[in-house]
Amino acid sequence: MPGPVQSIERAAAILRLLARSSGRLGVGEIATALSLARGTTHGLLRTLQRVGFVEQDEATGKYHLGAALLHLGTSYLDVNELRSRAINWADALAARSGEAVRIGTLLDGQILIVHHVFRPDDTLQTLDVGALLPMHATALGKVLLAYDVGAAATLGDGDLEAFTRRTIVMPKALARNVAAVREVGWAVEIEEMTIGEAGIAAPIRGHGGLVVGAIGISGAVERICDTKGQPNASLVTFVRDAARAVSRDLGASRW
């Protein structure tokens, strides 16, 4: 059997050191703590930075754990756990809002619907569990674009697919829209995926507050929005309350 790879062992040691540190560490501090040459340490840090496992503070030049590594750490969260924790809250949201409820998570640059509660009436509806939806044209997708550091990179640099005349297809316009989502804590879509339909969604967080999915409602524009074409404030509250409840069940106590 081949022996251990020294560079990987050293990189792992750097990550453990940064994880234990309460702040940021400089190259010299890391080199001294691990008894490594400064040049070797710098090379390892640059490699870890390229793959997103560490980030460098522009002002101080010091390093800390990167968002990509933190996101990787949430991969233990099985989709079935997300669904099982959210079922009761999704049912309650459908009852309160009178609309269909969907829960989604990121999969290969799209939104995978892992749970779907029908609108509580007698209308003919189709089960969406297992469906893949575009991120840029859905409220669920905009939530994950706002909070998942790797999601935006999957969209590419060119114009996005237009599903209706209201679909946001320009990357810069989408970036502004997503920034607004981060500011208010929820997302909306109005006839961006389907003519006549609108949706509201909010983030579901796991341990440490990291976003692991989104929950939202969807329905006819005239029911989701008010007479001015803005999302109904009560429905926004219902969605955000449900998202916080699921997040608490997943260990995100702050939410």
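Student: What volume does the largest cavity have?

Tutor: Please keep in mind that this is a predicted model. Rolling a probe the size of a water molecule over the atoms shows where empty space is left. Here the largest cavity has a volume of about 50 Å³, and the count of cavities of 30 Å³ or more comes to one.

Student: Which residues line the largest cavity, and which elements give two or more residues to that lining?

Tutor: The lining consists of Arg 102, Ala 139, Leu 140, Glu 189, Gly 199, Ile 200, Gly 216, Ile 217 and Ser 218. Helix 6 (139–147), strand 7 (197–205) and strand 8 (211–220) are the elements that each give two or more residues to it, and the largest share, three residues, belongs to strand 8. Sorted by class, the lining holds four nonpolar, three polar and two charged residues.

Student: Turning to strands, how many residues of strand 4 are buried?

Tutor: For the general idea, in a regular strand the side chains alternate between the two faces of the sheet. In this model, seven of the eight residues of strand 4 (residues 110–117) are buried, so this strand is largely enclosed by the rest of the structure.

Student: In which sense does strand 4 pair with strand 3, and with strand 5?

Tutor: With strand 3 (residues 100–107) the pairing is antiparallel and runs over seven bridges, and within it Leu 106 has Ile 111 of strand 4 as its bridge partner. Strand 3 and strand 4 form a hairpin with two residues between them, and in that turn Asp 108 has a positive phi of about 50 degrees. Strand 4 also pairs with strand 5 (residues 132–134) in the antiparallel sense, over three bridges, where Leu 112 stands opposite Leu 132 of strand 5.

Student: How many aromatic pairs are counted, and what sits over the ring of Tyr 147?

Tutor: The count of aromatic pairs comes to zero. Over the ring of Tyr 147 sits the charged end of Arg 205, 5.0 Å from the ring centre.

Student: Where is Phe 53 found, and why is Phe 53 described as partly exposed?

Tutor: Phe 53 is found in the loop between helix 3 (38–50) and strand 1 (54–56). Its relative accessible area is 25%, and the term applies because partly exposed covers the range between buried, under 20%, and exposed, over 50%. Phe 53 and Ser 21 are 32 residues apart in sequence, and their C-alpha atoms are 15 Å apart in space.

Technical notes. Residues numbered from 1 in each chain as written. Predicted model: local features only at pLDDT ≥ 70, side-chain atom pairs only at ≥ 80, totals over all residues. Heavy atoms only, no water. 1 Å grid on protein atoms, 1.4 Å probe; cavity = no way out; pocket = protein on both sides within 12 Å on 5 of 7 lines; lining within 4 Å. Points joined across faces, edges and corners; volume = space filled by probe spheres on them. Helix = DSSP H or I, 4+ residues; strand = E, 2+ residues; numbered from the N terminus. Nonpolar A, V, L, I, M, F, W, Y, C, P; charged D, E, K, R; others polar. Phe/Tyr/Trp six-rings, centres within 6.5 Å; stacked < 30°, edge-to-face > 60°. Lys NZ or Arg CZ within 6 Å of the ring centre and 35° of its normal. Buried < 20%, exposed > 50% of the residue type's maximum accessible area, 1.4 Å probe, protein only. Pairing = 2+ DSSP bridges.
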